[in-house]
Amino acid sequence: MARGRSLAAAPIASLPQEAFNEPRPPSVRRSVTDSHSTAEDGELVSRALSGDRMALDMLAERHHAMVYRFVLSRTGDEERAADVTQDTFVKAFRGMASFRGESSFRTWLLAIATNELRAGFRKTERRGEVSLHRASDLPHPDDLPDTHAVRESEIQRIRTALAHLPEKQRLSVALRLFDGLSFREVGIATGSTEGSARVNFFHGIRRLREMLDEDGLH
Amino acid sequence: MKMDCTDALERSSLRPLSAEGGAASRAQGSAQGSAEGSDPWDGALAHHLATCAECARDAAFMARLARARPEPPQELLSAIQMKTRHGPTPSGWWSGSMAAAAVLILSLGVGLISHQADPPPSFGPLDALVMNEGMQDWEDEEWYVAGAPVLEALPEQMLLALLQEETW
């Protein structure tokens, strides 16, 4: 199969079709009916708009972890990530009638989360508060003490290294590796193009390897 | 189905853990990795990773990163569902109340403006004639530009003075 060699320049048509599909989280709990759990997001949105509350539950179940990780990647603050995720879903469900399906439901949610974050930042600035968990405040991977269990220590080192990436690289890596978004979706969520998202992702991976190799992890 | 390194990287990054698992099972001589997946690309990826050491190394690194995926607190989903369950459904809630509020504000605003506005000036037949003639002038003289001097109306001496003036 003939494909472009340059990742950044690979045209959309040359990518595997599956890259644009939206894989679902593997573990979907059975709190809703089978017809809900197998339905596409667009169908669930239609059902929700016609008053089906189970459809709302399914959408929350399917996407809350992605929104949480997205906000966590941007803030580094778990408590804040949980709060913003809740607010995002409340806003999304109230305004669901405005979802036109021009982008995927996932990127629509991430856009709402971004707005919620901005609103939160404005409130915090007005109150004169400072986020306690900015990436620059986190210790460098080399600075961490080696007292944890190996696995926990490794996970912590990876997360710390991720926190030291520039934001767009960090978000691209997190959205792609953790939640399986297509590069097109990553581009929309990070305010860049599909090509930029791909470049950010692979630069981020390269930088992580450098950081973690230095650390003797890989 | 063959896969090159570019495709292999793309697909490994999309599902890093399954990519690594597929490659491992393939490398161990098991057909499970490709036979189980309904997607033919899974088998192609597993085969590529089993034969390309560099891509296998990249896929393994991405899988290692993916294992550090943070999970939300367990109570987060139920908190979201509690918050969203107790409101009206999306169709009836936001759009309905917003539309009602908009109609109310609009009608109040229009009523207030029409109440406070001065009565319209009354025009006699002569006023209408003058206005109509004025409009006619502009309609006929399409080359006029607002604010520009009408040179044709100036006497010769003033035109010469304008030509000699350095500042205009």
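A crossing of two helices is left-handed if the near helix is turned anticlockwise from the far one by less than a right angle, and right-handed if clockwise. By that rule, α1(B) passes α4(B) in a left-handed crossing. The model described here is predicted. Chain A comes to nine helices and zero strands. Chain B also has nine helices and zero strands.

**The two chains**

- Read from the N terminus, chain A runs α-α-α-α-α-α-α-α-α.
- The elements of chain B, from the N terminus on, run α-α-α-α-α-α-α-α-α.
- Chain A has 218 residues, and 41% of them are buried.
- Chain B has 168 residues, of which 25% count as buried.
- Take the contacts in chain A with a separation of 6 or more: 61% of them join residues 24 or more positions apart.
- For chain B, the share of such contacts between residues 24 or more positions apart is 60%.

**Helices α1 and α4 of chain B**

- Two packed helices are described by the angle between their axes and the distance between the axes.
- Helix α1 of chain B covers residues 5-14, and helix α4 of chain B covers residues 40-51.
- Their axes lie 10 Å apart, at an angle of about 115°.
- Angles of 65 to 115 degrees count as roughly perpendicular, so α1(B) and α4(B) are roughly perpendicular to each other.
- From α1(B), the residues in the contact are A8(B), R11(B) and S12(B).
- They meet W41(B), L45(B), H48(B) and L49(B) in α4(B).
- By class, this contact of α1(B) with α4(B) has four nonpolar, two polar and one charged residues.

**Helices α3 and α7 of chain A**

- Helix α3 of chain A spans residues 53-75, and helix α7 of chain A spans residues 167-179.
- Their axes come within 10 Å and cross at roughly 155°.
- Angles over 145 degrees count as roughly antiparallel, so α3(A) and α7(A) are roughly antiparallel to each other.
- α3(A) passes α7(A) in a right-handed crossing.
- On the α3(A) side, M66(A), R69(A), F70(A), S73(A) and R74(A) take part.
- Their partners in α7(A) are E167(A), R170(A), L171(A), A174(A), L175(A), F178(A) and D179(A).
- The contact of α3(A) with α7(A) has six nonpolar, one polar and five charged residues.

**Helix α4 of chain A**

- Helix α4 of chain A has 17 residues, 78-94.
- From first C-alpha to last, α4(A) reaches 25 Å, close to the 24 Å expected at 1.5 Å a residue.
- Buried residues in α4(A) include A81(A), V84(A), T85(A), D87(A), T88(A), F89(A), A92(A) and F93(A).

How values were computed: Residues are numbered from 1 along each chain as its sequence is written. Chains are lettered from A and ligands numbered from 1 in the order in which they are written. This is a predicted model: local features need pLDDT of at least 70, side-chain atom pairs count only at pLDDT 80 or more; totals for chains, interfaces and linings use all residues. Axes are lines fitted to C-alpha atoms, for helices over the stretch in contact, and angles run from 0 to 180 degrees between N-to-C directions. Helices (H or I, at least four residues) and strands (E, at least two) are DSSP runs, numbered from the N terminus. Angles under 35 degrees count as roughly parallel, over 145 as roughly antiparallel, 65 to 115 as roughly perpendicular and the rest as oblique. Two residues are in contact if their C-beta atoms, placed from the backbone, lie within 7 Å. Ala, Val, Leu, Ile, Met, Phe, Trp, Tyr, Cys and Pro count as nonpolar, Asp, Glu, Lys and Arg as charged, and the others, Gly among them, as polar. The expected span of a helix is 1.5 Å times one less than its number of residues. A residue is buried if 20 or more other C-beta atoms lie within 10 Å of its own, exposed if 12 or fewer, and partly exposed in between; C-beta atoms are placed from the backbone.
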